[in-house]
Amino acid sequence: MTTLSPTIDKVMMDLAFIAARSAALAGEVPVGAVVAKGQRCISVAHNLVETRPDPTAHAEVLALRLAAYQLGTAHLSECTLYVTLEPCAMCAGALEHSRIGRIVFGAYDPKGGGVEHGARVFQRKTCRHVPEVIGGHREDEASQLLTDFFKNLR
């Protein structure tokens with residue numbers, strides 16, 4: 001059974017939303033990610049795909065890289081990733097390889113998601129690691145952030 005820790009999950013998701021709003025201000029798709037170990041925030045990142053330019057500079061990948069560096073290990077089984085949007089297949093693959101313990105995400109992504117939609121990376125028979133996944137946490141807030149961003153682009 002997947003459960004949320006009201007205080008820690010709220011604080012960490014708040015940080016992910018702050019990062020997502022920073023991404024929007026920079027002209028990036030507003031996705032923010034946080035890696036936490038217990039009650040400690042290890043890394044915070046937002047999309048930098050256009051800024052770098054780098055198609056792999058998704059918030060999740062950047063947060064994973066920094067967390068691995070900070071902790072001195074590529075294995076993040078004791079960590080939780082908080083992200084404002086369902087990870088895509090590329091990010092889900094990176095999360096599989098990191099052995100992340102838990103993923104908490106906001107908005108579902110029926111077109112580009114790779115966890116609950118699309119590739120469903122963690123449901124494949126060949127998946128080497130399956131984290132605990134909690135989707136739809138603060139979904140309305142996350143969806144509205146994305147809707148507003150794309151509306152302003154038009």
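Two strands are taken to pair if DSSP finds at least two bridges between them. Helices (H or I, at least four residues) and strands (E, at least two) are DSSP runs, numbered from the N terminus. The model is predicted: local features need pLDDT of at least 70, side-chain atom pairs count only at pLDDT 80 or more, and totals for chains, interfaces and linings use all residues. Residues are numbered from 1 along each chain as its sequence is written, and side-chain values use heavy atoms, with hydrogens and water left out.

Strand E1 (residues 32-37) has two partners. With strand E2 (residues 40-46), E1 pairs in the antiparallel sense over six bridges. Val34 stands opposite Val44 of E2. Two residues separate E1 from E2 in a hairpin, and Gly38 in the turn has a positive phi of about 65 degrees. Strand E3 (residues 79-85) also runs antiparallel to E1, joined to E1 by five bridges. Here Val35 has Leu81 as its bridge partner. E1 is mostly covered, with five of its six residues buried. Buried means under 20% relative accessible area, exposed over 50%, and partly exposed in between (1.4 Å probe, protein chains only).

In soluble globular proteins, nonpolar side chains tend to be buried together.

H1 has 20 residues and reaches 28 Å from its first C-alpha to its last, close to the 28 Å expected at 1.5 Å a residue. The expected span is 1.5 Å times one less than the number of residues in the helix. Buried in H1 are Ile8, Asp9, Met12, Met13, Ala16, Phe17, Ala19, Ala20 and Ala23. Seen down the axis of H1, these residues fall within an arc of 165 degrees, so they line one face of the helix. The arc is that of the directions from the helix axis to the C-beta atoms. The buried residues pack against E1, E2, E3, E4 and H4. The face turned away from the buried side carries the exposed residues Pro6, Thr7 and Leu25. Gly27 follows H1 and has a positive phi, near 80 degrees.

Helix H2 (residues 59-71) has 13 residues and reaches 18 Å from its first C-alpha to its last, close to the expected 18 Å. Its buried residues are Ala59, Glu60, Val61, Leu62, Ala63, Leu64 and Ala67. They pack against E1, E2, E3 and helix H3 (89-98). Gly72 follows H2, with a positive phi near 75 degrees.

His46 is found in E2. At 19% relative accessibility, His46 counts as buried. Beyond four places in sequence, His46 touches residues including Ala19, Ala23, Ala59 and Leu62. His97 is found in H3. Its contacts, leaving aside neighbours within four places in sequence, are Ala74 and Arg128. His97 and Lys151 are 54 residues apart in sequence and 35 Å apart in space, C-alpha to C-alpha.

The structure holds zero disulfides, a disulfide being a pair of cysteine sulfur atoms within 2.5 Å. For Cys79, the nearest cysteine sulfur is that of Cys41, 10 Å away. Cys79 is buried, at 2% relative accessibility. For Cys127, the nearest cysteine sulfur is that of Cys88, 15 Å away. Cys127 is buried too, with a relative accessible area of 14%.

Most residues other than glycine have a negative phi. Arg99 has a positive phi, near 60 degrees. Arg99 lies in the loop between H3 and E4 and is partly exposed at 39% relative accessibility. Arg138 also has a positive phi, near 60 degrees. Arg138 is found in the loop between strand E5 (132-134) and H4. Its relative accessible area is 23%, so Arg138 is partly exposed.

Methods:
Contact = heavy atoms within 4.5 Å.
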